[in-house]
Amino acid sequence: MSLSETLPPGTTPMETPPSGDAMRDAILRNLMFDLGKSRAGALPRDWFMATALAVRDRLVQPWLSDLRSAYDTGEKQVYYLSLEFLIGRLLRENISNLRMMPEVKAALASLDLDPEAVFACEPDAALGNGGLGRLAACFMESLASLNIPAFGYGIRYDHGLFKQGIREGWQEEFPEDWLNFQNPWEFARPEIAHPIGFGGSVEEIERPDGSLRHVWRPAETVLAVAYDTPVVGWRGIHVNTLRLWSARALDMLSLDAFNRGDHLGAISERARAEAISRVLYPADESPSGLELRLRQEFFFSSAALQDLLRRHLRVYGEVHTLPERVAIQLNDTHPAIAVAELMRLLLDDHDLDWHQAWRITRGCISYTNHTLLPEALESWPVALMEQVLPRHMQIIYMLNALHLAEVGAANPGDNRLLASVSLIEEANGRRVRMGHLAFLGSHKVNGVSALHSELLKQTVFSDFHALCPGRITNKTNGVTFRRWLMQCNPGLTELLLEAIGPEFMDDPAALVGLEKLADDAGFQDRFAAVKRANKEALARLVRERVGIRLDPAAMFDIHIKRIHEYKRQLLNILETIALYDAIRAEPHRDWQPRVKIFAGKAAASYHRAKLIIKLAHDVARMVNRDPMMRDRLKVVFLPNYNVSLAEVLIPAADLSEQISTAGMEASGTGNMKFGLNGALTIGTLDGANVEMLEHLGPENIFIFGLTTPEVAQRRAEGWRGRMAIEASFRLSQVMDQLATGVLSPDDRGRYGGLVQDLREVDHFMVTADFDSYYAKQREVDGVWTDQAAWRRKAVLNTARLGWFSSDRTIREYAEEIWGVPIRQ
């Protein structure tokens, strides 16, 4: 059975897809009339553009129809605010969700074009960094697939985070160039432009009844201009909108300054305005960088709120019904300023009283927390907030005063509690706590795994939880199986269709039907053959990009994440050194061939993370050049990790590294993607690993290391890494090599500071978990020697992870937080 034969009888969400000939004609027409190219002069990218435009044409009519329908029926709509949307490439996803793959492939073949080569010409949209942005992309696709009317709001970054280069093992950052050519999926909406103010002063105007009205007079105004991208649901059942904002100056050119010869000064206002949407996460070590971060977050939050209010008023005429028609989801603390901005708009622009405005604000907004790390919860210096957003600081002060008065009345004399729940931190310089603001302004706050949600109640929001015991809820993350199984692993998808039928394509829980085949030797062989083909594809990519030859018969042990100390790429690297030492010490042993593959970006100003990348390269150089290894161990770092690279890495993985410090990973979604594609997980009891263990059974996942309570206890007892180092010969040997420069002969002191931190601090418990991790890896080796046992576990991973679909997650949001009906 093929992917094109799986539409349930009577299901016609879109008109019949075009034939191959009709699609061929559409591609040629776009090539000539939209791109101005002939067949003879067309470059590969031109063919991609022409094909994408032909596919886009197929979704515009249903998209506009769905936009109208939501208002015609008066349905409640979801507005998802996220600083990141890591959508990756869209051509394959849109073709697949529209059920057009056979027609598109036939059309391209008739033009003597390789469809895969055409798909590969699409650049990854540089709109995110890691799991936060990829989750937002999965959620947008699931919202459309569940027929829930929704808008995603974010920023249209010109250059994204950065393009990662590697020079002599060190990360370098370069601007992404994804918009150098036309983006075929977006529609510019210059008529939708909202003014965004910064700075200035607040004027008090007396009303006839003696009350005061506040008028903000910004010193600077920037325009937020809309760009819309349609988001297609599975089988084309619904099309939603991702609306991204681009910053523009009110005056693009000061003609007076230009004519005076001040050519740079003439465009200074434009440069300052457009900096807002230039790059994702600009370095904030300087005062100007910190201010730019705040400007970005307010810019897109204000634009989103002005936009949804405009759309609501156009249909319903007044704002009092907003909570019945609008659900606003804040994806982490970046858009938390939306609480104060919605209050400002309701108070100042729509002349509501405080009680009415607060009822509407809290009735509309809910907040997803993604981290327990204090630095990621965000706080802004009060002085900066007063300078950039003076009216919002007035509102925050008033919110805080009313909030603390209520808390104080219920808890007289409890100054510790008042300090804990205050929106203003007084201890280390006055700062606005954005996580607190988001909590206070939301009717629901959710964590993203069962463990994370409990830790929210016990740690960062413990006092808020005591005050509002029903507000925190859990919504364990999920991934869209359309992207992370059906599109990135077509070989496995075809095998599943043959083995258990098409039901899993609409109901991921149906994957459980694979369980009965887990012990079938014939099915295991076919399952392994798919994995082998995916590994061969990855080996070719590695050879092309970094020049390293890989044996697809080796275990592919893959660790792909944003580089951060709590994600513990360092622990993996230290174990790699220890394994290398062990192979050299006992070369006669029957070592299982293994390839360690790393990928991920370090934040531009995160120097320790950059050092970890350098260490990975130093270890790779040592291991890969050693003839004694004889393919028993290789180390690879693939630069410029993005969604498209993940789509090659994940289907090829045998072992998935999910080894964060227990209690520090909110959820993780890479763990779900790897397991779904038949990789076994080695991991700690952290984030969603805990729930994966429950679904898989302990025999089908490799769990090691300290638990969250044990980590907390070690820290409370004053843990120092030297305790573990002195107790472990292997770890001590590795530390000595790092400290003496064995791995860095060109700079023997390179890792001295790293070793010192591990010995004296080790906040992330790298040394504490080292021996447990090393032992568990040798257990992995033992299972790998029994390929029948390994394959059985791999099949069961795919079979038992259907619960981790983002469709399930979105259903829970819709039913328990947003109050939005699912129309399927």
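## Lining of the largest cavity

In this predicted model, the lining of the largest cavity is made up of 10 nonpolar, 4 polar and 3 charged residues. The volume of this cavity is about 140 Å³. Its lining has 17 residues, and those closest to the centre are Glu122, Ala125, Trp178, Asn183 and Trp185.

A search of the whole structure finds 9 cavities of 30 Å³ or more.

## Second largest cavity

The second largest cavity has a volume of about 110 Å³. It is lined by 14 residues, of which Ile87, Leu90, Glu93, Ala137 and Val231 are the closest to its centre. Helix H3 (91–97), helix H6 (131–145) and strand E8 (220–232) are the elements that each give two or more residues to this lining. By residue class, the lining of the second largest cavity holds 8 nonpolar, 2 polar and 4 charged residues.

## Asn400 in helix H15

Asn400 sits in helix H15, which covers residues 390–410. Its relative accessibility is 7%, so Asn400 counts as buried. Leaving aside residues up to four places away in sequence, Asn400 touches Ser422, Leu423 and Ile424. With Leu423 there is also a polar pair: a polar atom of the Asn400 side chain lies 2.8 Å from the backbone nitrogen of Leu423.

## Helix H23

Helix H23 runs over residues 569–585 and has 17 residues. At 1.5 Å a residue, helix H23 should span 24 Å, and its end C-alpha atoms are 24 Å apart, which agrees.

Of the 17 residues of H23, 15 are buried, so the helix is largely enclosed by the rest of the structure.

Key. Residues numbered from 1 in each chain as written. Predicted model: local features only at pLDDT ≥ 70, side-chain atom pairs only at ≥ 80, totals over all residues. Heavy atoms only, no water. Helix = DSSP H or I, 4+ residues; strand = E, 2+ residues; numbered from the N terminus. Buried < 20%, exposed > 50% of the residue type's maximum accessible area, 1.4 Å probe, protein only. Polar contact = N/O pair within 3.5 Å; in protein donor to acceptor, adjacent residues only side chain to side chain. Contact = heavy atoms within 4.5 Å. Expected span 1.5 Å × (residues − 1). 1 Å grid on protein atoms, 1.4 Å probe; cavity = no way out; pocket = protein on both sides within 12 Å on 5 of 7 lines; lining within 4 Å. Points joined across faces, edges and corners; volume = space filled by probe spheres on them. Nonpolar A, V, L, I, M, F, W, Y, C, P; charged D, E, K, R; others polar.
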